[in-house]
Amino acid sequence: GRRIREVCEGFGPQRVEFARLGGDEFGLVVCGDPDDADLMRLGERIASHVKLPYQLDTAHTGLSCSIGFASFPDSATTSEALYECADYSLYHAKRHLRGRTVIFSSELEAEIRSRGVIENLLRTANFSTEMELVFQPIVDAMSEHTAGFEVLARWHSSRLGLVSPADFIPAAERIGLIRPLTQALLVRALATARTWPDHIRLSFNLSAHDICAAEGILPLIPIIEKSGLPPHRIDFEITETAVTFDFMRAQQSIATLKAMGCGISLDDFGTGYSSLSHVHRLPLDKIKIDRSFVAEINENPVSHKIIKSLTGLCDDMEIACVVEGVETRAQLDSLRRLGCDFIQGYYFARPMPGDAIGDYLAREGQRLEQAGARVVA
Ligand code: C2E
Ligand code: CA
Ligand code: CA
């Protein structure tokens, strides 16, 4: 707070009012009709000042901050609406431009409107007819046999057409519908997985709200029990961000699922924060390395090194390592050399409908048999 105030006091020619809103949020009112360039200059000064190291008793530590601005009267004309626009700019900065400054714009306004539309249509959506499940193979890196499938949700809205889960899952979380949605999807995913050969596992995504709610994941237990699929064939995928949301509750939910015999995978690994402490404190079976690292594995030495250290970490901790987003043979070869255990991505297959899986596994069997025959010959 002190550092931000110093920047505000030294900023001119506009006067800047500065206050703490609560928790780790602060508010600024920039008076005197600043333009966007002034606001960016102020935001960047604050961010770089906050970022300087902090000397604690015996240690140094660091902080960063994201900033959202909205302008009167361009963005909104009432104080409440103006605040909401600034808040949305901040939310956008946190999600897409961490540590940076974002000024409310017509693009963000359009984004808010489309979020509202998705939320409203989701409220009246029929989860059993409009939601579809697709399945993407998770393949053993060495043998190239499919070890399991991750189930991914698709929403075919009669009004909007196909909506990405990256849009409707967060919308369901915002309007409090994620838990009934998770339950509806789990029932159907388990029913599909029951038709698979015994060695094929199911990976199912849980949201932060599923594992951090007060009653925890209790409603999922009878669904798993009734499904007839043995819990040891199910992996629940939990993102690092979900774990950070409420670590104590997340830990309890994970313990309950583990006690039933289910596996736990840490999803999108490497994109969140304080990763290592969580890896140590949670009973994880698999870590899924985020696809952002794979895209450049052969072009960018940094990506290569990151994956190398993550696979080393998994090895040391005896946790299996899954790499997602593998699109080319060259990426697969590098990952095999680095000792990755499982591979997922378009190189093997795009997500497919449940009724395509039988054929897919049969073709894979033939392909591997032929390859085996060639090796023997
Ligand atoms: P995720 O769990 O990281 O899922 C992997 C995403 O990467 C999927 O996108 C998948 O289609 C995509 N993908 C797989 N292989 C490749 C590849 O080789 N290249 C590229 N570029 N992309 C690849 P999708 O299906 O759009 O899902 C997006 C996110 O939505 C998921 O990310 C997951 O966080 C969430 N999600 C999807 N279904 C569910 C669900 O049933 N429940 C919950 N809670 N979240 C879900
Ligand atoms: Ca996942
Ligand atoms: Ca992922």
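Q: Where is Glu 144 found?
A: This is a predicted model. Glu 144 is in the loop that runs between strand E7 (131-140) and strand E8 (146-157).

Q: What is phi of Glu 144 near?
A: Near 60°, a positive value in a residue other than glycine.

Q: And is Glu 144 buried or exposed?
A: Buried. Its relative accessible area is 11%, and the cut-off for buried is under 20%.

Q: What about Asp 268, what's its phi?
A: About 55°, so positive again, although Asp 268 is not a glycine. Asp 268 sits in strand E12 (residues 263-269). Asp 268 is partly exposed, because its relative accessible area of 27% falls between the 20% and 50% limits.

Q: Switching to prolines. Which residue is joined to Pro 13 by a cis peptide bond?
A: Gly 12, with omega about 0°. Pro 13 lies in the loop between helix H1 (2-9) and strand E1 (16-22).

Q: And the bond from Phe 72 to Pro 73, cis or trans?
A: Cis, omega near 0°. Pro 73 is in the loop between strand E5 (67-69) and helix H3 (79-96).

Q: Now voids. How many cavities of 30 Å³ or more?
A: The count is 1. The largest cavity has a volume of about 40 Å³.

Q: Which helix gives the most to its lining?
A: Helix H7 (residues 178-193), with 3 residues. The lining includes Arg 179, Asp 210 and Leu 220. By class, there are 3 nonpolar, 3 polar and 2 charged residues.

Q: Last one: how far apart are the C-alpha centres of domain 1 and domain 2?
A: 37 Å. The domain assignment gives domain 1 as 2-104 and domain 2 as 117-376.

How values were computed. Residues are numbered from 1 along each chain as its sequence is written. Chains are lettered from A and ligands numbered from 1 in the order in which they are written. This is a predicted model: local features need pLDDT of at least 70, side-chain atom pairs count only at pLDDT 80 or more; totals for chains, interfaces and linings use all residues. Side-chain values use heavy atoms; hydrogens and water are left out. On a 1 Å grid over the protein atoms alone, a cavity is a set of points where a 1.4 Å probe fits but cannot get out, and a pocket is an open set with protein on both sides within 12 Å along at least five of seven lines; lining residues have an atom within 4 Å of a point. Grid points are joined across faces, edges and corners, and a volume is the space filled by probe spheres set on the points. Helices (H or I, at least four residues) and strands (E, at least two) are DSSP runs, numbered from the N terminus. Ala, Val, Leu, Ile, Met, Phe, Trp, Tyr, Cys and Pro count as nonpolar, Asp, Glu, Lys and Arg as charged, and the others, Gly among them, as polar. Domain bounds come from an automatic or database domain assignment. Buried means under 20% relative accessible area, exposed over 50%, partly exposed in between (1.4 Å probe, protein chains only).
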